[in-house]
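Visitor: I would like to learn how to read the features of a structure like this one. Could we go through a few together?

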Amino acid sequence: MASIAPKENVVSALDSERLFRTMVESVTDYAIFVLDPQGYVVTWNPGAERLKGYKPSEIIGQHFSVFYPQVDKDRDKPGYELKVAGETGRFEDEGWRIRKDGSRFWANVVITRLCDEHGNIIGFGKITRDLTDRRLAEQRYRLLVESVTDYAIFSLDKDGHVQSWNPGAQRIKGYSAEEIIGKHFSTFYTPQDVARRLPWTVLKTAAEQGHWEGEGWRVRKDGTWFWSLVVVTAIRDEDGNLTGFSKVTRDMSDRKRLMDEIKRHAEELELRIAEREQTNAELEAFSYSVSHDLRAPLRAIEGFAVALHEDYGEVLDETATDYLNEISKAAVRMNRLVQDLLDYSRLSRVEFALKPTQVVGAVQTVLNETAGSEDVVVHIASDVFVMAHAPALAQALTNLISNALKFHRKDEKPRVEVKAEQAGAVRVRISVSDNGIGIASQHQERIFKVFERLHQIDEYPGTGIGLAIVKRSIERMNGTLGLISSEGKGSTFWIELPAAPPIEVKPLEEE
Ligand code: ADP
């Protein structure tokens, strides 16, 4: 039994044309209009007006070729489009079109054949979209890629065949676009990398993880290798299907060469330092054991000289007694020398625990044990602290202060001043100044080396090790040192150490 359609359906069928028209009328992003079979405009929607600038009254009845640039009109592109749409049902194109005001826009155009129930063409529907922004963006991107010569930027299809090629790629790899487009990108890899299937791993990783990044050797057209930095990115369409890859390659050969060179230098330097450290350590060990071993026979010499004096002093004549005194004095000197050498070599062996140390406290401790300290004035605030290993700082100060007291003119009483002040934000400068004999500028560097002395023993006694001890200990405490002096005018020796925040100090009597 034939059924009768419900009344609403009939109504909606009747209304559908009106509905459809309303829909088309409300579209403003697309130009939607109808052409008669010859291409004359029959309808015009607000989208068409917005896009092309014509009001319906201005354009209805006009031929649609007015939307085309002159070159297209000359070769009857509009006619060709209608012909294809008429024959195949549809024509799609992208290209420049002209607005009423003469300006151009990049259009995506779809022309669809409209037929009556007998299959006769009654006209064409035309939908036009303005893609100028996208077109410009693409063009800008292309221009950018084209202008880049420092990077090879090219695309690969899903299987790794080269699809596009920029001037940078040509410059870096040596192939022209015609030579390489269509070839597989494994061409750029070394035979070893091809053997281990690296190019395919790169594509697989990029496809799975979105991109692949790495450095390695690649091969130019002329067979030479270059060190490259490569980023391969997977390209997917809107549906997420893999369509290919983009590849950006940078020639890093110069940087690689430089890095290799720096690495080689660093290794060489390390080797030399290691050798030097080894030699130094051996020398240190040698001087330490020699000094150590010398002490026993020295004590024997000193002891027997004293015994000889005590037991046989009365039978010795004056010359023999003088000789004996010389032996004793030499032994004392040698003892001093051995002790200084031991101190010096110990400086590179012991661990330095750096702690905030009050400078005035350290100076006072030294003065308490230094002969002649009544000639020393101290100008140091109690809140001046440095990061130091207290025994090493005391040893350095002892040497500087005793030198300052020692190297004075015979006819003048020594006057020594010890000061400490901030040197910049993070350092403290401690200086020891005297009114002594001064040091000529040509000697000022060498006196910090072991055994370097400027005077005879009987003029100014000493071992020539004191300043070497000062230098080594200050440097081990991350400090620096120096000297301001001129001959006959006194000297100022200074040391600079990292400043430390003041901490509470126990009163001296409690120590
Ligand atoms: P020493 O004092 O045992 O000779 P040092 O290493 O302490 O050895 O000093 C090396 C030399 O530097 C001294 O022999 C002396 O010539 C010179 N010197 C050091 N301090 C002073 C000073 N305050 N005034 C003049 N000369 C100095």
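Guide: Gladly. A polar contact is a pair of N or O atoms within 3.5 Å, and within protein one must be able to donate a hydrogen and the other to accept it. Please keep in mind that this is a predicted model.

Visitor: Which residue's side chain does Glu 81 join in a polar contact?

Guide: The partner is Lys 77, and the contact between the two side chains is 2.8 Å. Glu 81 belongs to helix 5, residues 77–88. As a general idea, an α-helix has 3.6 residues a turn, so residues three or four places apart point the same way.

Visitor: Is Glu 81 buried or exposed?

Guide: The cut-off for buried is under 20% relative accessible area. Glu 81 has 0%, so it is buried. Leaving aside residues up to four places away in sequence, Glu 81 touches Phe 64, Tyr 68, Phe 91, Asp 93, Arg 97 and Ile 111.

Visitor: What about Asp 72: which side chain does it join in a polar contact?

Guide: That one is Arg 75, with a contact of 3.0 Å between the side chains. Asp 72 sits in helix 4, residues 70–74. Its relative accessibility is 9%, so Asp 72 counts as buried. Beyond four places in sequence, Asp 72 touches Lys 77, Pro 78, Trp 96 and Arg 97.

Visitor: Let us turn to aromatic rings. How is a pair of rings described?

Guide: By the distance of the centres and the angle of the planes. The count here comes to 17 aromatic pairs. For Trp 44 and Tyr 54, the ring centres are 6.5 Å apart and the planes are at 75 degrees, so this pair is edge-to-face. Trp 44 is in the loop between strand 1 (30–35) and helix 2 (46–52), while Tyr 54 is in the loop between helix 2 and helix 3 (56–59), 10 residues apart. Both Trp 44 and Tyr 54 are buried.

Visitor: Which residues do ring pairs link into a cluster?

Guide: The cluster is made of Phe 33, Trp 44, Tyr 54 and Phe 67. Phe 67 also has a charged neighbour: Lys 52 lies over its face, at 3.9 Å from the ring centre. In another such arrangement, Arg 104 lies over the face of Trp 96, at 4.2 Å from the ring centre.

Visitor: Now for strands. Why is strand 16 described as largely enclosed?

Guide: Strand 16 covers residues 491–500, and eight of its 10 residues are buried, so the rest of the structure largely encloses it.

Visitor: In what sense does strand 16 pair with strand 14, and over how many bridges?

Guide: Strand 14, residues 427–434, pairs with strand 16 in the antiparallel sense over seven bridges. There, Arg 429 stands opposite Glu 496. Strand 15 (residues 480–485) also pairs with strand 16 in the antiparallel sense, over six bridges, and Gly 482 stands opposite Trp 494. Strand 12 (residues 385–388) has an antiparallel pairing with strand 16 too, over two bridges, with Val 386 opposite Ala 499.

Visitor: How many residues lie between strand 15 and strand 16 in their hairpin?

Guide: Five residues, and Gly 488 in that turn has a positive phi of about 80 degrees.

Visitor: Which residues have the most contacts inside the largest nonpolar core?

Guide: Leu 393 and Ile 430 do, within a core of 43 residues. Helix 14 (residues 390–406) gives the largest share of this core, eight residues. A second, separate core has 22 residues, including Ile 172, Ile 180, Phe 185 and Ala 234. As for Ile 430, the residues it touches beyond four places in sequence include Val 359, Leu 393, Leu 397, Phe 493 and Trp 494.

Visitor: To finish, is Val 248 buried, exposed or partly exposed?

Guide: With a relative accessible area of 28%, Val 248 is partly exposed. Val 248 lies in strand 9, residues 242–251. Its C-alpha atom is separated by 6.5 Å from that of Tyr 151, 97 residues apart along the chain.

Note on methods
Residues numbered from 1 in each chain as written. Predicted model: local features only at pLDDT ≥ 70, side-chain atom pairs only at ≥ 80, totals over all residues. Heavy atoms only, no water. Helix = DSSP H or I, 4+ residues; strand = E, 2+ residues; numbered from the N terminus. Buried < 20%, exposed > 50% of the residue type's maximum accessible area, 1.4 Å probe, protein only. Contact = heavy atoms within 4.5 Å. Pairing = 2+ DSSP bridges. Core = buried A, V, L, I, M, F, W, Y, C linked by side-chain atoms within 4.5 Å. Phe/Tyr/Trp six-rings, centres within 6.5 Å; stacked < 30°, edge-to-face > 60°. Lys NZ or Arg CZ within 6 Å of the ring centre and 35° of its normal.
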